[in-house]
Each structure stands twice: as C-alpha cells, then as structure tokens.
Amino acid sequence: MSSPIVRRHLEDSGRFAVTVATTPAKGAAPNQDMSSFAPKFSDYQAVVLDYEGFEFAPPVKQAFVDYVKNGGGLVVLHAADNAFPGWAEYNEMIGVGGWGGFTPGYASRTQAAGPKIRWRDGRMVLDNDTPGNAQHPSPHDFLMTVRAPEHPIMKGLPPAWMHANDELYSNLRGPARNVTILATATAPASMPNGTGEHEPILMAIAYGKGRVFHDTLGHVGATQKEPIVPMNSVDYIVLLQRGTEWAATGAVTIPVPRDFPAADKTSVR
C-alpha cells in the first residue's frame with residue numbers, strides 16, 4: 001500500500017527516477033526463500049527502504065552493507081526501522097529501531113539492543129537505564145520540533161509544525177552511533193503509550209561514507225485505502241523528497257512549499 005505513494009511523491013518532485021524492487025510473495029514454507037531478490041544497489045544513488053519483511057539472503061545483506069558503507073544513500077521509512085532486528089550492521093545504519101518485523105524470536109528490540117535516544121536539556125542523551133521497548137500511542141496529530149535547523153534537510157523549515165494523524169514511534173532502541181537528531185515529538189505520559197519524552201522522529205546517521213535519513217513517520221494500516229492522511233501530510237511529502245535528495249547527494253535543492261504546516265495547524269494534500 002505505501003510503496004506506490006512513496007514512488008508518487010518522489011516522482012512528483014521532478015528530482016528522481018524511481019525503480020521499485022519487490023521481494024517475493026510470502027511462501028508457505030517456514031523459512032521464506034529470498035534467493036531471487038538481489039537488487040544491484042550500486043546502480044543507484046539512494047535506496048529508499050519501505051520494508052519490514054523477511055531477512056535478505058546473506059549475499060544481498062553484504063552487498064547492502066558495502067553499498068552504504070562505500071557512500072550509497074539510504075532512506076529508512078517508518079516500519080522499515082522494525083526490520084532485521086538481529087542484523088548488527090543494519091541496526092547501526094538506522095541508529096535505533098523498533099519491533100521485530102518477520103524475524104522469529106524478536107517481538108521488539110530489547111534493552112540488549114542498546115539505548116533509547118532522548119532529547120533532554122537541549123541535547124541528545126542516550127538512556128540505557130530505564131526499561132521500555134518500542135511502542136506508540138494511537139494515531140493523532142502531534143507537534144514536530146526541529147533540533148538541527150542548519151542540517152540541509154531541515155534548513156528553511158519552520159521551527160515547529162503539526163504533523164497529521166500518525167503513529168508517534170517511541171522507545172526505539174539500538175546502537176545509537178553517529179546519530180544527529182533532526183526533529184522530535186512527544187506524547188504526554190497521560191496518553192496511553194505516551195512516554196512524555198522528546199522522541200527522535202527524524203534522524204540523520206553516518207555509516208562509513210554513506211548518509212542515512214531515518215524517518216519514522218508515515219503509518220499505513222493493513223486495511224487502509226487512500227487517501228492515507230499521514231503520508232499525504234505536506235511535511236511527510238517534503239521530508240521524504242528532501243531527505244532522499246540529501247541521502248543521494250549530500251545537498252538539498254527542493255524548496256519548502258507555501259502549504260507546509262504551521263505550529264497550530266496541519267496541512268494535508
């Protein structure tokens with residue numbers, strides 16, 4: 001459901017030529033055969049990962065690691081931070097992650113996976129002491145706050161804005177290395193599954209020579225049909241486009257549109 005929307009938003013920018021690679025359909029065997037899925041990552045400036053399915057085949061994993069480490073761009077969207085919980089290199093690429101995807105034995109990344117990332121007293125803090133695994137409140141509108149206004153992805157955006165009707169991923173855990181928090185959001189502890197913490201919603205991660213944009217926004221339910229409000233929230237569209245351009249090139253030329261949301265209202269196309 002989500003991949004056609006991602007493709008449309010990228011192509012609508014006029015900045016990208018998009019190829020979609022899809023893994024095999026789920027088979028009946030307990031161990032999914034992924035051998036036929038072998039994209040040539042090196043043909044592309046950036047890979048946009050909209051995926052939380054079965055493990056890639058070992059040669060594909062190695063090719064993916066080499067691609068990013070040697071300077072390829074990577075964009076990790078929403079549920080893709082739930083994929084591959086036991087893959088150490090992937091966990092380092094994304095900084096922190098959530099649930100277990102299709103990997104047996106991983107309901108969620110536990111405290112053993114690494115710390116949670118927090119924004120406290122004007123800076124990033126790593127918290128490995130308090131309990132808690134990945135969670136989120138029910139979808140709702142929430143305020144996004146910029147924490148790295150000079151980063152190319154964020155430059156020119158308002159300091160805060162309302163994002164429309166989405167899951168606010170919380171208590172993500174991982175190695176949390178080489179992470180720059182771009183924006184945070186918080187759900188009060190009085191809300192079911194709210195943590196009261198400034199959760200990292202947008203992140204930039206350095207992995208070898210590669211640039212990774214980790215965007216936790218953009219929930220789509222299994223039975224939902226378009227229009228998908230969070231993925232048509234103008235900030236989601238703009239961040240996807242600008243984040244992909246940065247991952248691919250290290251620079252951002254895509255402008256901030258006039259209908260970008262404000263601190264007191266959402267904006268949905």
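Two residues are in contact when heavy atoms lie within 4.5 Å. The views below show a predicted model, in which local features need pLDDT of at least 70 and side-chain atom pairs count only at pLDDT 80 or more, while totals for chains, interfaces and linings use all residues. Residues are numbered from 1 along each chain as its sequence is written, and side-chain values use heavy atoms, with hydrogens and water left out.

View 1. R120 belongs to strand β3, which covers residues 116-120; helices (H or I, at least four residues) and strands (E, at least two) are DSSP runs, numbered from the N terminus. Apart from neighbours within four places in sequence, R120 makes contact with V125, D127 and E197. With a relative accessible area of 29%, R120 is partly exposed; buried means under 20%, exposed over 50%, and partly exposed in between (1.4 Å probe, protein chains only). A separation of 13 Å lies between the C-alpha atoms of R120 and T145, which are 25 residues apart along the chain.

**View 2. Surroundings of T23 in a loop.** T23 is part of the loop between α1 (2-12) and β1 (46-49). T23 has a relative accessible area of 19% and is buried. When residues up to four places away in sequence are not counted, T23 touches M34, F37, Y51 and F56. G53 is 30 residues from T23 along the chain, and the C-alpha atoms of the two are separated by 8.3 Å.

View 3. Helix α5 consists of 16 residues (residues 234-249), which at 1.5 Å a residue should span 22 Å; its end C-alpha atoms are 22 Å apart, which agrees. The expected span is 1.5 Å times one less than the number of residues in the helix. Because 15 of the 16 residues of α5 are buried, this helix is largely enclosed by the rest of the structure. Just after α5, G250 has a positive phi of about 85°.

**View 4. Two loop residues with positive phi.** H78 lies in the loop between β2 (73-77) and α3 (88-94). Although H78 is not a glycine, its phi is positive, at about 40°. H78 is also buried, and its relative accessible area is 5%. N178 is located in the loop between β6 (160-166) and β7 (179-185). The phi of N178, a residue other than glycine, is positive as well, near 55°.

View 5. The peptide bond from E226 to P227 is cis, and its omega is near 5°. P227 occurs in the loop between β9 (210-215) and α4 (229-232).

**View 6. The chain that surrounds these sites.** The protein chain contains five helices and nine strands. Its C-alpha atoms fill a box of roughly 50 × 45 × 40 Å along the principal axes. For 269 residues, a compact globule would have a radius of gyration near 18 Å, and the value of 17 Å for the protein chain agrees with this; the radius is taken over C-alpha atoms, and the globule rule is 2.2 Å times the number of residues to the power 0.38. Of the 269 residues in the protein chain, 51% are buried. Among contacts in the protein chain with a separation of 6 or more, 65% are between residues 24 or more positions apart.
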